[in-house]
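Subject: Structure handover and findings

Hello,

Here is the structure I promised to pass on. Please open it alongside this note, and my findings follow below.

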Amino acid sequence: MRRLSTWRSASTQPGRTALTGEVFWFVVIGAASTVAQALLYWVLRHWSPTVLADFASLLVVTVLNTEANRRLTFRGSAVRALQAHLAAGGLFVLAYLVTAGAVLLFRHYRPTASPAAETLVLVPSFALVTVIRFAVLRLVVFRRRHR
């Protein structure tokens with residue numbers, strides 16, 4: 001009986017339901033963004049230097065990721081598109097510092113590494129940035145104001 005009442009109280013809490021939906025959509029969008037960024041980096045890396053490929057892939061995917069999260073993950077927020085993208089700009093700088101730092105450090109120790117190996121090093125960096133991104137987007141950019 002206790003489990004049923006616990007389940008009911010958890011399922012009737014709107015904050016918990018909203019968070020579950022947000023986490024679901026953020027994971028879906030984050031996974032798709034990580035794959036897209038890794039592929040774009042890998043393609044760009046064949047023609048451009050490491051930091052430029054990282055910058056370009058991160059820029060393209062960040063814009064698409066922010067818009068997808070604005071529309072799906074945080075769809076109840078009153079934040080407008082331009083405001084969301086400008087606020088996410090600071091996250092872009094942080095993400096670039098983390099990913100560029102990771103790939104440059106890897107290149108320092110493995111100067112002859114292939115673009116595929118660099119991409120594999122970047123994937124955990126993308127994942128780390130995604131977790132930080134969710135927290136900042138949810139708590140700062142798209143925070144819900146209680147009335």
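The largest nonpolar core has nine residues in all: Phe26, Phe74, Val79, Ala84, Leu91, Phe134, Leu137, Val141 and Phe142. Please note that this is a predicted model. H4 and H5 each give the core at least two residues. H5 supplies the largest share, with three residues. As background, nonpolar side chains in soluble globular proteins tend to be buried together.

Setting aside neighbours within four places in sequence, Phe142 is in contact with Arg70, Phe74, Ser77, Val79, Ala84 and Leu137. A second, separate core has six residues, and Tyr41, Ala53, Val103 and Phe126 are among them.

The overall fold

The protein chain has five helices and zero strands. From the N terminus on, the order of elements is α-α-α-α-α. The chain has 147 residues, and 33% of them count as buried. Take the contacts between residues at least 6 apart in sequence: 72% of these join residues at least 24 apart.

Aromatic pairs

How many aromatic pairs are there by this rule? The count comes to seven. Two of them are described here.

Phe55 and Phe92 form an edge-to-face pair. Their ring centres are 5.4 Å apart, with 80 degrees between the planes. Phe55 is in helix H3 and Phe92 is in helix H4, so the pair ties together parts that are 37 residues apart in sequence. Phe92 has 12%, so Phe92 counts as buried; the cut-off for buried is under 20%.

Phe74 and Phe142 form a stacked pair. Here the centres are 4.8 Å apart and the planes are 10 degrees apart. This pair links distant parts of the chain. Phe74 sits in the loop between H3 and H4, while Phe142 sits in the segment after H5, 68 residues away. Phe74 is buried, because its relative accessible area is 2%. Phe26, Phe74, Phe134 and Phe142 form one aromatic cluster.

Leu122 lies in helix H5. Its relative accessibility is 0%, so Leu122 counts as buried. Apart from neighbours within four places in sequence, Leu122 is in contact with Tyr41, Asp54, Thr99 and Val103. Thr34 is 88 residues away from Leu122 along the chain, yet their C-alpha atoms are separated by 9.4 Å.

Glu118 is in helix H5 too. Why does Glu118 count as buried? The reason is its relative accessibility, which is 0%. Leaving out residues up to four places away in sequence, Glu118 touches Tyr41, Arg45, Thr50, Val103, Phe106, Arg107 and Ala113.

Arg107, from that list, is worth a look of its own. Arg107 is in helix H4. With 22% relative accessibility, Arg107 counts as partly exposed. From C-alpha to C-alpha, Arg107 and Glu118 are 7.8 Å apart, and eleven residues separate them in sequence. Beyond neighbours within four places in sequence, Arg107 is in contact with Arg45, Thr50, Thr112, Ala113 and Glu118.

The cavity

Rolling a probe the size of a water molecule over the atoms shows where empty space is left. In this model, the count comes to one cavity of 30 Å³ or more. The space in the largest cavity is about 180 Å³.

Which residues lie nearest the centre of the largest cavity? They are Gln37, Leu58, Val129, Thr130 and Arg133, out of 14 lining residues. Four elements are named as giving two or more residues to the lining: helix H2 (14-45), helix H3 (50-73), helix H4 (81-109) and helix H5 (115-141). By class, the lining has six nonpolar, seven polar and one charged residues.

Best wishes

Definitions and conventions:
Residues are numbered from 1 along each chain as its sequence is written. This is a predicted model: local features need pLDDT of at least 70, side-chain atom pairs count only at pLDDT 80 or more; totals for chains, interfaces and linings use all residues. Side-chain values use heavy atoms; hydrogens and water are left out. On a 1 Å grid over the protein atoms alone, a cavity is a set of points where a 1.4 Å probe fits but cannot get out, and a pocket is an open set with protein on both sides within 12 Å along at least five of seven lines; lining residues have an atom within 4 Å of a point. Grid points are joined across faces, edges and corners, and a volume is the space filled by probe spheres set on the points. Ala, Val, Leu, Ile, Met, Phe, Trp, Tyr, Cys and Pro count as nonpolar, Asp, Glu, Lys and Arg as charged, and the others, Gly among them, as polar. Buried means under 20% relative accessible area, exposed over 50%, partly exposed in between (1.4 Å probe, protein chains only). Contact means heavy atoms within 4.5 Å. Rings of Phe, Tyr and Trp (its six-membered ring) pair if their centres lie within 6.5 Å; planes under 30 degrees apart count as stacked, over 60 as edge-to-face and the rest as tilted. A nonpolar core is a set of buried Ala, Val, Leu, Ile, Met, Phe, Trp, Tyr and Cys residues joined through side-chain atoms within 4.5 Å.
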